[in-house]
Number of protein chains: 2
Amino acid sequence: MQESIYGKGLSQTAANHVPLTPLHFLDRSADQYGDRIAVIHGELRQTWRETRARCRKLASALVKRGVRRGDTVSILAPNTPAMLESHFGIPLSGAVLNSINCRLDADGVRFILKHGECKILLVDREFSDLVSRAIADLPSKPLIIDINDAGAPPGRAIGDLDYESLLSEGDAGFEGVWPADEWDAIALNYTSGTTSDPKGVVPSHRGTYVMSMSQLTDWGMPRNPTYLWTLPMFHANGWCFTWAITAAAGTHVCMRKVTAKAIFDSIADHGVDHFCAAPIVLSSIANAPDPERRPLPRSVRIRTAGSPPPAAVLKAVLALGFEVEHVYGITEASGTPVSSYINPEWAKLDKDEQARLMARQGNRSAALEGLMVADPETLEPVPFDGKTQGELLLKGNVVMKGYLKNEGATRNAFSGGWFHTGDVAVVHPDGYVQITDRSKDVIISGGENISSVEVEDVLHGHPAVLIAAVVSQPDAKWGETPCAFIELKAGVAEPTGAEIISFCRERLAHFKCPKKVVFCSLPKTGTGKIQKFRLRELAGSQAAITELAKAG
Amino acid sequence: MQESIYGKGLSQTAANHVPLTPLHFLDRSADQYGDRIAVIHGELRQTWRETRARCRKLASALVKRGVRRGDTVSILAPNTPAMLESHFGIPLSGAVLNSINCRLDADGVRFILKHGECKILLVDREFSDLVSRAIADLPSKPLIIDINDAGAPPGRAIGDLDYESLLSEGDAGFEGVWPADEWDAIALNYTSGTTSDPKGVVPSHRGTYVMSMSQLTDWGMPRNPTYLWTLPMFHANGWCFTWAITAAAGTHVCMRKVTAKAIFDSIADHGVDHFCAAPIVLSSIANAPDPERRPLPRSVRIRTAGSPPPAAVLKAVLALGFEVEHVYGITEASGTPVSSYINPEWAKLDKDEQARLMARQGNRSAALEGLMVADPETLEPVPFDGKTQGELLLKGNVVMKGYLKNEGATRNAFSGGWFHTGDVAVVHPDGYVQITDRSKDVIISGGENISSVEVEDVLHGHPAVLIAAVVSQPDAKWGETPCAFIELKAGVAEPTGAEIISFCRERLAHFKCPKKVVFCSLPKTGTGKIQKFRLRELAGSQAAITELAKAG
């Protein structure tokens, strides 16, 4: 500010400037809502006061074990209390929290432990074998802590000590090592690598604070929600809901394994009113057999992301009484900076049209200061015509600090002062963004662009199709043509490839229809995304396809 | 952060670090909810897209008129669209928004215009005479803009031009002068001066951003609320609800004059579901005559602050179907950093006990990083015993930058790294804070402290009492004794002073009972607070009391 009366005597002090961090939410809930249940897990009911005490003990014990500010402490666990406590206890020790995707293979885990320079690794017994293999060749082995979760399947103890013993070394009155600056790293989240090697996304305390608050305001979240952990916490810290639900003094309902039955049971037995889930989870809810279903005792709100929910699945889930919203999540923005608010006006439209509108990713949340779909080179925004494609670009405080030890990738990602998502999108006249393809998923056939999403949408309308994924395959004549990989619903009569192609031809321009159809079980990433890069490899090899189809 | 792998290559860039400011909320609502109604005022219905265009035109016109970054632009108006637009348009010009309490007298307004170095003053026609008197002796006169609000009573045009003409000079495509730093001043809010001369509280863009988000999360606000403007926007920017309701893409329902009838009508006619109000407004709702009442078509949520709502008023308002929460507001923390969450457990208690619990100010919101009740010198916290008094101290990002041109007062207010509220409080075993007195409101009689609030609570239990205020009066024997000023309900049989004193003696230690009772209309500040400093002056003068009692 230029020389003005406001330029003098109005400095930052300890009273009016404190680094923004989601860690304060824990103290506040323990102070104001100490007796409320913070965590439900099996038979466990843990209050906010107890949860704070355990998080402080974890932080204190880590410091006593030698953790220093800026060290990496990793955890490999499903959605358990230890995983939630780590979201507070690890950063409160001054360390950076690295939640590792527990669906990775040993090579993937090893890459992360090495690249992130992990000092201490907490591991749920279910994954002790995986970790044993991952650390076998590590030059510098982290201290290993076994988490003996009550719900874990038997697994070898591989640790130097166990989680409860570690906590008992700590002090429940520990004040914590608070961030010196809100720009300090709070976490290290590796991308799941659908299109390339994993990159280590580093969010700041500031960014995760803003995303946490925004998750509450953007969803219009009531106080004290009961939130079910279907979304893995290792996925961008559960889109910051680990911290957001704490800010709302809600109840975290843990869940080791996501099944439709477990979801229906948690809703009926624990009062669950909110959860986040990939479309594949919605699909399992929609297709759950009758004995697993239980009536909803209240409205339950779902946010879904990863890929647009197929219209048929969406309709089925809505018919059960769920409220569903579609959001756009990306690890590099700490969660879901874009959401598809359901305009009440849409209620006048027919169900198919509603589903079509809801399948769009939406518009920016209050946390995101900038969003545009533009030419990634010239930064020229596309017109709001629902047709012209550009790259989705974001700007704001929820965007990561950058990729760890990867200045080249960081520079590319932030080129021109915008974060480049790599997602291709259009903007509709109402300002809603729709992802038409991951950059790598565009199929170019005879000079025409084909959106794999568009073809997949049609395939999802076929009564026998559970999930479909379309990728390009090399073609001598057309350059590329679409190849469809299809997972069928259980117990349906298997259609032929020709029937599927003919089904598409009735609904799509002929050049967009798959030239080949493979029935199989689809390979997925740890976060439930279909591994299109693997399908793309397979699409080039008839031998591999034959093997995949046999296995599926 | 010490030398660690996170210390390198992860810098702030234009993509991941943007100054926090509530001004972004306007763009976001215009982008995502452009066709939704942003403002209702009489016959006016204005969408978010239109509102943004008008705010940009205001900002653009101010810049063309010579406003520079860090200048002060003032407005003196009731809760009208121009007042709301000024909350975006003025800061978007780079200026600091100074909303002046329109219940001040000419001397009070002159003090602010001079102290704040106002360059341009927007004034509603209702207050043109007031402003004429206020600026008569100003050495440097601001540019005056008349606001010709449709609902304003006739008033002299005194401006250089009118608000709509000013807007027509502006550009709806203006990009805005955004804060260079989030610590920049966004507003200048003078305290209403219950205990001393007005001080100019300066909040930052960062602080008001955090308070705005917290208002939504702390109240568990749904998206798109319909918010009624009973709380004056000139009171700490309406506790940041000017910006918060915009962040929620809600509808602002304006209101020039707060009456019970207008409130009931707005609820029935405009879909109002939330508002904030001083206890005096609750009282008017509770005591509204039947023809003014209309049944509530939905649950309507109220937050009240200023003083604890009297139990009888609270019960009456709850019985009408309103949901009421008590919060603690203070201009120096940009709104209400403390709130009294109603624990569902309380529902088991009897109504009087519930009212007693709800009358406490509560605990800190997620936006406030620190709260304690402590000895203001030693900073030793009081025990959580509901008895030991200390000063309420706050710490966090919502706390003001400081007092304008008053480094001494700023230093005192922030002594020891905490903001000193000047309010005396106790902490109950459940962690809830209860204000027992404004520092100046303690009556010391014969060496014993008397809480004026406690005496007032008893008086509010008398069936004829509408509002009661108790202050000290000088006493030859005891030093001070309590003097009660009482405003009676309309149409009740007037009790005698002796009856009131006897009513108190049945319910209070005798030394706490008023020695004198005055029936009158109570003098109030612009924000509805009772002007205790005036009552304190009056309590010393029998002649003044006789005159007040006659006028009342």
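**Close-up views of a predicted two-chain model**

**View 1. The contact between chain B and chain A.** The contact is made by 63 residues of chain B and 63 residues of chain A, two residues being in contact if their C-beta atoms, placed from the backbone, lie within 7 Å. On the side of chain B that touches chain A, two or more residues each are given by α1 (24-32), α7 (205-218), β16 (363-364) and α14 (407-413) of chain B. Helices (H or I, at least four residues) and strands (E, at least two) are DSSP runs, numbered from the N terminus. Helix α1(B) supplies the largest share of that side, with 5 residues. Sorted by class, the side of chain B that touches chain A has 28 nonpolar, 21 polar and 14 charged residues; Ala, Val, Leu, Ile, Met, Phe, Trp, Tyr, Cys and Pro count as nonpolar, Asp, Glu, Lys and Arg as charged, and the others, Gly among them, as polar. This is a predicted model, in which local features need pLDDT of at least 70 and side-chain atom pairs count only at pLDDT 80 or more, while totals for chains, interfaces and linings use all residues. Residues are numbered from 1 along each chain as its sequence is written, and chains are lettered from A and ligands numbered from 1 in the order in which they are written.

**View 2. The relation between the two copies.** Two copies of a chain are related by a rotation about an axis and a shift along it. Here chain B is superposed on chain A by a rotation of 179° with 0.0 Å of shift along its axis, at an RMSD of 0.3 Å. This is the relation of a two-fold axis. Both copies use the same surface, since 100% of the contact residues of chain B recur in chain A. The superposition is by least squares on the C-alpha atoms of residues with pLDDT of at least 70 in both copies.

**View 3. Domain 1 and domain 2 of chain A.** Chain A is assigned domain 1 (43-178), domain 2 (214-438) and domain 3 (446-551), with bounds that come from an automatic or database domain assignment. The centres of domain 1 and domain 2 of chain A, taken over C-alpha atoms, are separated by 28 Å. Their contact takes 15 residues from domain 1 of chain A and 14 residues from domain 2 of chain A. On the side of domain 1 that touches domain 2, helix α3 (residues 81-92) of chain A gives the most, with 4 residues. That side of domain 1 of chain A holds 7 nonpolar, 8 polar and no charged residues.

View 4. Leu84(A) belongs to helix α3 of chain A and is buried, with 26 other C-beta atoms within 10 Å. A residue is buried if 20 or more other C-beta atoms lie within 10 Å of its own, exposed if 12 or fewer, and partly exposed in between, with C-beta atoms placed from the backbone. Leaving aside neighbours within four places in sequence, Leu84(A) is in contact with Val39(A), Met233(A), Thr242(A) and His252(A). Thr242(A) lies in helix α9 (residues 241-247) of chain A and counts as buried, with 29 C-beta neighbours inside 10 Å. Not counting residues up to four places away in sequence, Thr242(A) touches Leu84(A), His87(A), Met233(A) and Asn237(A). Thr242(A) and Met83(A), 159 residues apart in sequence, are 9.4 Å apart from C-alpha to C-alpha.

**View 5. Strand β14(B) and its partners.** Strand β14 (residues 322-330) of chain B is mostly covered, with 8 of its 9 residues buried. Strand β13 (residues 300-304) of chain B runs parallel to β14(B) and is joined to it by 5 bridges; two strands pair if DSSP finds at least two bridges between them. Ile302(B) has Val324(B) in β14(B) as its bridge partner. From β13(B) the chain crosses through helix α12 (residues 311-319) of chain B to β14(B) in a right-handed β-α-β crossover, meaning that, with the strands pointing away from the viewer, the path from the first strand over the helix to the second runs clockwise. Strand β15 (residues 335-340) of chain B runs antiparallel to β14(B), with 4 bridges between them, and Tyr328(B) has Val338(B) in β15(B) as its bridge partner. The hairpin of β14(B) and β15(B) has 4 residues between the strands, and Ser334(B) there takes a positive phi near 60°.

View 6. Helix α11 (residues 279-286) of chain A has 7 of its 8 residues buried, so it is largely enclosed by the rest of the structure. The cover over the buried residues of α11(A) includes α10 (260-270), β12 (274-277), β13 (300-304), α12 (311-319) and β24 (465-475) of chain A.
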